[in-house]
Amino acid sequence: MIELEGVPELVDPVMVAAFEGWNDAGDAASTAVAHLDREWKGEVFAALDAEDYYDFQVNRPTVFMEAGVRKITWPTTRLSVVRVGGEKPRDLVLVRGIEPSMRWRSFCNELLGFAHELGVELVVVLGALLGDTPHTRPVPISGTTSDPDLARRMDLEETKYEGPTGIVGVLQEACTHAGVPAVSLWAAVPHYVSQPPNPKATLALLNRLEDLIDVRVPLGELPEDARAWQVGVDQLAAEDSEVAEYVQSLEEARDTAELPEASGEAIAREFERYLRRHDGGGPPAPGGHATADGSDSTSYLRDNPSGRTRPPKPPKPGPDDDDSSDD
């Protein structure tokens, strides 16, 4: 660990972490932490030693000029702190970096060492994966934890996932074994348009984070960026009849599956968020990305020298099939 400044004294701190790479489809998670850092003017106080965790042939350093002097920025993970004001001020420890190339257990132990020293009460790790979700619908956000008591208290799912995992899953389990409460928030990004940025998924993660830790995040231009992103994808999809048909099939499947969710409870959550924002300012990589089943996936809506890659056509019902589904 390279300490850049003295460790600050914090108030009710929560650690919020995100890592570029396999756990960050559309750069949605890392962009969310970057947004928090920018809006609240985070102060970096520590960085991990890049030599310990990164393969520089995979994540290369960059050269830049500053006052006529050439300097190098090394790929690493940095920690900053921001103060959230309001009636109940609290601090956030923001962890933003790249999924390490090696020594993951040591990497997690270093972060946990800082969490312990700073008195962190909760670790929230943000991630984004590719899924069969239409870009025209609200971004699905799942909140998971390995702690049954925490799942009940915070209305989260107790994780049952088995399969390949990334640094998000490893860090969450390391927190659990160390006795540090930890939660993962995952955004599902449409697999047919996975290129960054994805401001709609970033916005959904920040809204869920607000609800989870009871803070109000200044969103700036992010809502407008999310609307512009959706309009842009609408236009791309409309140019290809097969893509448009595929998106429609995803919409129908999503709407059918979510009929029970169109409940008073879901509407109330959205209404409460609206009131928090309008009631006088009160608190309201290479190798693809993770998918719901843990495999890698790549984008469909992209232009390349050999033409546009298209999504698979949804299966057509056979003569013995009906319109119902057991899923």
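1. Buried here means under 20% relative accessible area, exposed means over 50%, and partly exposed is in between, with a 1.4 Å probe and protein chains only. Keep in mind that this is a predicted model, where local features need pLDDT of at least 70, side-chain atom pairs count only at pLDDT 80 or more, and totals for chains, interfaces and linings use all residues. Residues are numbered from 1 along each chain as its sequence is written, and side-chain values use heavy atoms, with hydrogens and water left out.

2. On to α7. Its buried residues are Leu-222, Ala-226, Trp-229, Val-233 and Ala-237. Looking down the axis of α7, these buried residues fall within an arc of 65°, so they line one face of the helix; the arc is taken from the directions from the helix axis to the C-beta atoms.

3. What do the buried residues of α7 pack against? The partners are α1 (28-39), α6 (199-213) and α8 (241-257), with contact meaning heavy atoms within 4.5 Å. Helices (H or I, at least four residues) and strands (E, at least two) are DSSP runs, numbered from the N terminus.

4. With 17 residues (222-238) at 1.5 Å a residue, helix α7 should span 24 Å, and its end C-alpha atoms are 24 Å apart, which agrees. The expected span is 1.5 Å times one less than the number of residues.

5. Now for the strand side. Leu-129 sits in strand β8 (residues 122-131) and is buried, at a relative accessible area of 16%.

6. A few backbone spots deserve a look. Most residues other than glycine have a negative phi, and most peptide bonds are trans. Arg-103, not a glycine, has a positive phi of about 55°. Arg-103 lies in the loop between β7 (90-98) and α3 (104-118), and its 43% relative accessibility makes it partly exposed. Asp-214 also has a positive phi, near 60°; this residue is in the loop between α6 and α7 and counts as exposed at 55% relative accessibility.

7. Last one: the peptide bond from Pro-196 to Pro-197 is cis, with omega near 0°. Pro-197 belongs to the loop between β11 (182-190) and α6.
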